[in-house]
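Here is a short briefing on the structure shown below.

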Amino acid sequence: MKLKHVTALLCAAAMSIALGTNARADDKVVKIGVILPMSGGTASIGAHAKAALEVATDIINNAHPELGNLPLAKNAGLAGLGGAKIEVVIADNQGNPATGQNQALRLITEDKVAAVFGAYQSGITLTSSAIAEKYGIPYLNSESVAANLTERGFKWFFRTTPIATDFAKAYVDFLADMKAAGAKTDAIALVHDNTEYGTSVANTIAGAFKEKGQPVALDVAYPVNATDLQGQVLQLKDKKPDVIIMISYTSDAILFAKTMQSLDYKPAILLADDAGYSDPSFIKAVGKISQGVFNRSSWSVGPSGSPSAIIADMYKKKSGEEMDDTVGRQMQGFFVLADAIDRAGSTDPAKIQVALKATDLKPEQLMMGYKGVKFDDKGQNVLASGLIIQLQDGENYTAVWPKANAVKAPVLPYKGW
Amino acid sequence: MRRWIWLTVVAALAIAYPLLLSSPFQQRLGALVLLYAIAASAWNIVGGYAGQVSVGHVVFFGCGAYAAMGSYAKFGLSPLFGIPGGIVIAVGLAAIIGVPTLRLSGHYFSMATIAVAETMRLIVTNTDWLGAAVGLSGPTVPRNVFDLSFLSSLPYYYLFLLVLVITLFITWWMTNSRMGFYLRAIKDSERAARSLGAPASRTKLYAYMLSAALTSVSGALYAMMFGFVDPESGLGILISVKILIMAALGGAGLLFGPLVGAAILVPLEEISNSWLGGKGAGLTFVVYGAIIVLIARFQPGGLLSLFTGRKKSKSDTGAGHAP
């Protein structure tokens, strides 16, 4: 009997506390609101991103002269704001577009953040950035690739990552180079899941090849988080395409590798579109039977002592994981945002927006392999680009294309196991 | 008489809330409570009063949400035009689903509704015209007031309050009509009700269709507020579960039960998320789950039955039988 009343009281207490407002921001602290999936199916991404942002905050807030040309690394804090520190306020989007939007509103109106950063899933970036747009707060996205995000006429939305059209073009050029080197690349098969990511990227790639007069020969779709992929692999084995482009999240990528081994099927060229194939758990699980797989990435560790190698070390110490493309793009995006706030010399949203528009970072000022960072009218980084990497001898990807960035030459055909 | 005093107090509080607690987040929280209260009240008609525990109600929610966004994204009309369309589709769908599945009893009905909801989600996910997995977006920058895309949550709050009052009025009117008596008889014992000549199948179907229509309205309002719908947020089974839990928590089969449930769970979720969400994965849901377990263990009739349950046996029909 008593417990019932206690329960009711607890509920009431929780509600009343929640309705109180938060304290106002300190002048010497610049708050950046970060929306990430901290729970739900992609919670591991959120945990990795949190570690990456902690490293990035450390680099900005403390002096790191060893990082060379990287903006904000040399001195402690933001010089443009009298050495103010960056503070990250993380909100959980729970993998839900509605929650993401509520959290964006809370960050902007309650926590009074100077800018919003997020939100991993394209659908959640879509809804949460609409709130930032309405309130006139800069929103920087570093990892959502759905093309429509920058087609909405937004004035406060900026995206640093390369998007589907960028890497579709890279695939076309890469395969053309391989053909020139003597490989057979005539029949191309696309394998993708049925999510927004899988379908939209597959469509973009198919369009890019069609434009080059080389329509995709085979399109194999499968339900995401599949439990059996034998049918799809047998279909590929039957049609024998020269090149397979895989667009898959981690669990499906692992299952594909295992199924291909058990059915003894290897294409001549296996090219993966980031996502699952960049996940450290993919390499741990099936790296040994996926030797020679090509992958897209904007991340490539430089020689030891280079800024990217130092950052990779810091990240590994923090999270226990190897740095991958996704967290790299997130850190890079965060640096771009912090740099703009520094140049704005103010937390006034309008001034940060102006500074973001004026962003012009050179390759040597970046930790990722972009050609630079410069936004067009729609807020898309026009200098975003990627490299092709290959899993060679063991468990590490090596940059193999384009030639200018290559550490080793690409090895053909696909070796498998 | 005392009931009227309470009603007046609650109504006054509801009207004054966004003016008293006027920060944007608090106003939005209020609007969300009302929105979920509408959905849970709509579910209550068939789940609470008729005792048919539908876990697939998100289908009707999705009808409304997709109709509202579709009328904007596909035809360039105000999302408001989608509401009647959503109702027509939802009611039609309810008839198609209800005729075969309402014959099933107990858990089998719940299972059938889950199956229908999941099928629907997969169909929409693979239908390009409905945006497939990407979903449909509403107007970001409103063309006029009829696009219902406001910066402040205040207009949403009062719109939702109005719709909630209408929903509760319809529910109240229904419970006092012949249909309400049939439903209570069916809930207690369908066989006994049938033997006394109550048209059980038809009554259940009507309740199901009425509930579907109101759920569809809540879906449309939801999509208008968020300006976006995709298969997960419009047709995901978790939305059904959330609606069901709110009604059960507050008191299924009681007029104000869903409102109480929503008023507790919505703030709880938002707040535990803002406190704990950034710190560790999933803590929000641990707190959320713990509350539900406590309620289920100690007050299975819903919180509202604490106050109404043992006062009089007349209004006690719902307490103790909640799912």
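**Fold of chain B**

Chain B has 14 helices and two strands; helices (H or I, at least four residues) and strands (E, at least two) are DSSP runs numbered from the N terminus. The model is predicted: local features need pLDDT of at least 70, side-chain atom pairs count only at pLDDT 80 or more, and totals for chains, interfaces and linings use all residues. Residues are numbered from 1 along each chain as its sequence is written, with chains lettered from A and ligands numbered from 1 in the order in which they are written.

- The C-alpha trace of chain B spans about 55 × 45 × 40 Å along its principal axes.
- Of the 323 residues in chain B, 55% are buried (20 or more other C-beta atoms within 10 Å of the residue's own; exposed means 12 or fewer, partly exposed in between; C-beta atoms are placed from the backbone).

**Helix packing in chain B**

- Helix 11 (residues 237–250) and helix 12 (residues 257–276) of chain B have axes that come within 6 Å and cross at roughly 110°; axes are lines fitted to C-alpha atoms, for helices over the stretch in contact, and angles run from 0 to 180 degrees between N-to-C directions.
- Helix 11 of chain B is therefore roughly perpendicular to helix 12 of chain B (65 to 115 degrees; under 35 is roughly parallel, over 145 roughly antiparallel, the rest oblique).
- By class, this contact of helix 11 with helix 12 of chain B has 10 nonpolar, three polar and no charged residues (Ala, Val, Leu, Ile, Met, Phe, Trp, Tyr, Cys and Pro are nonpolar, Asp, Glu, Lys and Arg charged, the others, Gly among them, polar).
- The axes of helix 2 (residues 24–49) and helix 11 of chain B come within 8 Å and cross at roughly 75°.
- Helix 2 of chain B is thus roughly perpendicular to helix 11 of chain B.

**Backbone features in chain A**

- A cis peptide bond, omega about -5°, joins A:W401 and A:P402.
- Another cis bond runs from A:L412 to A:P413, with omega near -10°.
- A:Y120 is not a glycine, yet has a positive phi of about 65°.
- A:Y120 counts as buried, with 23 C-beta neighbours inside 10 Å.
- A:D264 has a positive phi near 50°.
- A:D264 counts as exposed, with 9 C-beta neighbours inside 10 Å.
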